[in-house]
Amino acid sequence: IKKRKVDDEKALPNYFYRDDAQKVWALVEGYVKALVGDFYKSDEEIVKDDELQAWIGDCQQGTAKGWRNLPVNASGKFETRDQLTRILTILIYTVSARHAAVNNGQFDLMGYVPNLPPIFKREQMTTKDDVSDTEIAKALPTYADAIVQVSFFHAVSLPTMEDKRLGAYDKDFMMGRPTAMPFVKKFLKDMDSLSTEVQARNEKLDIPYTYLDPKQIASGVAI
């Protein structure tokens with residue numbers, strides 16, 4: 001957001017992705033930091049965890065070789081709990097909130113086929129003289145193809161089920177780590193509070209921004 005220079009709320013008000021995303025990120029980061037601190041009592045334990053170091057090593061090989069700016073030392077290893085917190089926050093945010101911001105609005109954009117037709121059944125128009133309602137109609141998908149597009153994007157944009165949203169786990173998920181449960185409960189409570197805040201704001205908008213309502217953020221990418 002800062003790199004794109006869209007972080008100034010006065011210069012760019014009502015940019016709800018920015019506003020909601022930063023709040024969700026902060027909650028995820030705080031949650032991850034608490035869990036990492038529960039599992040690892042010191043940075044030294046991070047350094048000595050061979051399986052963890054092997055994992056981050058694998059992340060820098062093969063198909064993931066293009067990863068950049070990983071929070072590791074010059075040898076490609078973790079040295080601190082903050083480094084682990086950073087990469088886990090990025091991963092969780094990417095497959096949950098970032099995905100929701102892109103996925104949950106697909107039907108709003110692509111449910112109307114002319115907005116983004118999957119098929120263009122004629123050569124690209126090169127001059128304005130070539131563009132007319134008749135020519136555009138000839139280029140658009142058939143009724144049957146349009147039905148497939150509308151149905152697909154309706155399906156992938158359905159609201160997230162309560163038990164699948166970010167922060168919701170099976171009751172036995174943390175059974176082997178009871179000390180982590182308070183952090184899980186706090187995270188879910190904080191997400192509920194943010195959801196209430198987002199919904200209150202949306203009630204005042206002509207077009208509500210719901211894509212990053214925490215109750216609509218799935219815990220992972222699932223289609």
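Biologist: What is the relative accessible area of Phe107?

Modeller: Relative accessible area sorts residues into buried (under 20%), exposed (over 50%) and partly exposed (in between), computed with a 1.4 Å probe on protein chains only. Phe107 has 29%, so it counts as partly exposed. This is a predicted model, so local features need pLDDT of at least 70 and side-chain atom pairs count only at pLDDT 80 or more, while totals for chains, interfaces and linings use all residues. Residues are numbered from 1 along each chain as its sequence is written, and side-chain values use heavy atoms, with hydrogens and water left out.

Biologist: In which helix does Phe107 lie, and with which residues is it in contact?

Modeller: Helices here are DSSP runs of H or I with at least four residues, strands are runs of E with at least two, and both are numbered from the N terminus. Phe107 belongs to helix 5, residues 106–110. Contact means heavy atoms within 4.5 Å. Apart from neighbours within four places in sequence, Phe107 is in contact with Tyr112, Val150, Phe153, His154 and Ser157. Ser42 is 65 residues away along the chain, and its C-alpha atom is separated from that of Phe107 by 46 Å.

Biologist: How should I read helix 1?

Modeller: The expected span of a helix is 1.5 Å times one less than its number of residues. Helix 1 has 24 residues and should span 34 Å; its end C-alpha atoms are 35 Å apart, which agrees. Its buried residues include Phe16, Asp20, Val24, Val28 and Leu35. Helix 4 and helix 8 are among the elements that cover these buried residues.

Biologist: Which residues of the largest nonpolar core touch the most other members?

Modeller: In soluble globular proteins, nonpolar side chains tend to be buried together. A nonpolar core is a set of buried Ala, Val, Leu, Ile, Met, Phe, Trp, Tyr and Cys residues joined through side-chain atoms within 4.5 Å. The largest one here has 33 residues, and Val24, Phe78, Leu84, Leu212 and Ile217 touch the most other members. At least two core residues come from each of helix 1, helix 3 (50–58), helix 4 (81–103) and helix 8 (181–202). Helix 1 gives the most, with eight residues. Leaving out residues up to four places away in sequence, Val24 touches Tyr93, Ala97, Leu194, Leu212 and Ile217.

Biologist: Asp20 is in helix 1 too. Does it count as buried or exposed?

Modeller: Asp20 counts as buried, because its relative accessibility is 2%. Beyond neighbours within four places in sequence, Asp20 is in contact with Val198, Arg201, Tyr209 and Leu212.

Biologist: With which side chain does Asn202 make a polar contact?

Modeller: A polar contact is a pair of N or O atoms within 3.5 Å; within protein, one must be able to donate a hydrogen and the other to accept it, and residues adjacent in sequence count only if both atoms are side-chain atoms. The partner of Asn202 is the side chain of Arg201, at 3.1 Å. Asn202 lies in helix 8 and is buried, at 8% relative accessibility.

Biologist: Where does Asp213 lie?

Modeller: Asp213 is in the segment after helix 8, and at 6% relative accessibility it is buried. Asp213 touches Ser195, Val198 and Gln199, leaving out residues up to four places away in sequence. Asp213 and Ala97 are 116 residues apart in sequence, with their C-alpha atoms 9.2 Å apart.

Biologist: How many aromatic pairs does a search of the whole structure find?

Modeller: A pair of aromatic rings is described by the distance of the centres and the angle of the planes. Rings of Phe, Tyr and Trp (its six-membered ring) pair if their centres lie within 6.5 Å; planes under 30 degrees apart count as stacked, over 60 as edge-to-face and the rest as tilted. The search finds eight aromatic pairs. One of them, Tyr169 with Phe173, is stacked, at 4.7 Å centre to centre and 10 degrees between the planes. Tyr169 is partly exposed at 34%, and Phe173 is exposed at 52%. Ring pairs also link Phe16, Tyr209 and Tyr211 into a cluster.
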